[in-house]
Amino acid sequence: DEPFSFKYSPGKLRGNKYKSMMTKEELEEEQRVQREQLAAIFRLMKEKSDTFGEMSEGDMKEQLRLYDI
C-alpha cells in the first residue's frame, strides 16, 4: 500500500483531459447539460429548504467554484 498523496487531484485531471478530447460543439453541449443539472439541483434544494437549509446566492456561487464552474 502506497501512502495517500495530496498531489493527485482526480477531478481536475479528468476535467482537463476530457475537455482537450472534446470538440467545441461537444464541450458546449456538456456545459449546457451541466448547467441544466445544477439548476435542477439548486431548485430542489430551494424547494426543500427545510431539509437542506437556506442557501444564499453567495453560498451557491461558492459551491460552484468548487466544481470549476
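**Burial, salt bridges and confidence**

Tutor: Start with L38, which is buried at a relative accessible area of 19%. The cut-off for buried is under 20%, so L38 falls on the buried side. Keep in mind that this is a predicted model.

Student: Where is L38 found?

Tutor: L38 sits in helix α2.

Student: And how far apart are the C-alpha atoms of L38 and L64?

Tutor: They are separated by 8.9 Å. Along the chain, L38 and L64 are 26 residues apart.

Student: What share of the chain do buried residues make up?

Tutor: Buried residues account for 4% of the 69 residues.

Student: Back up a bit. How many helices and strands does the chain have?

Tutor: Four helices and zero strands. Reading from the N terminus, the order is α-α-α-α.

Student: Which element has the highest mean pLDDT, and which the lowest?

Tutor: Helix α2 has the highest mean, 88. Helix α1, residues 10-21, has the lowest, 63. For the chain, the mean pLDDT is 76, and 70% of the residues reach 70 or more.

Student: Fine. New topic: charges. How many salt bridges does the count come to?

Tutor: Three. In general, side chains of opposite charge can pair when their charged atoms come close.

Student: Which residue does E28 pair with?

Tutor: E28 forms a salt bridge with K24. The closest N and O atoms are 3.9 Å apart. The cut-off is within 4 Å, so the E28 and K24 pair counts.

Student: How many residues apart are E28 and K24, and where do they lie?

Tutor: Both lie in helix α2, which covers residues 24-47. They are four residues apart, about one turn of the helix.

Student: Is K24 buried or exposed?

Tutor: K24 is exposed, at 60% relative accessibility.

Student: What about R32? Which side chain does it meet at 2.5 Å?

Tutor: That one is E29, in a salt bridge, N to O. R32 and E29 are three residues apart in helix α2, about one turn.

Student: And at 2.4 Å? Which side chain meets R32 there?

Tutor: E36, again in a salt bridge, N to O. R32 and E36 are both in helix α2, four residues apart, about one turn of the helix.

Student: So which residues are linked in a network?

Tutor: E29, R32 and E36, through salt bridges.

Student: How accessible are those three?

Tutor: R32 is partly exposed at 33% relative accessibility. E29 is partly exposed too, with a relative accessible area of 40%. E36 has 45%, and is also partly exposed.

Student: Last one. Where does S56 lie?

Tutor: S56 is in the loop between α3 (49-52) and α4 (57-66). S56 is partly exposed, with a relative accessible area of 36%.

Student: How far apart in space are S56 and K46?

Tutor: They are 9.7 Å apart, C-alpha to C-alpha. In sequence, S56 and K46 are ten residues apart.

Notes:
Residues numbered from 1 in each chain as written. Predicted model: local features only at pLDDT ≥ 70, side-chain atom pairs only at ≥ 80, totals over all residues. Heavy atoms only, no water. Helix = DSSP H or I, 4+ residues; strand = E, 2+ residues; numbered from the N terminus. Buried < 20%, exposed > 50% of the residue type's maximum accessible area, 1.4 Å probe, protein only. pLDDT = per-residue confidence, 0-100.
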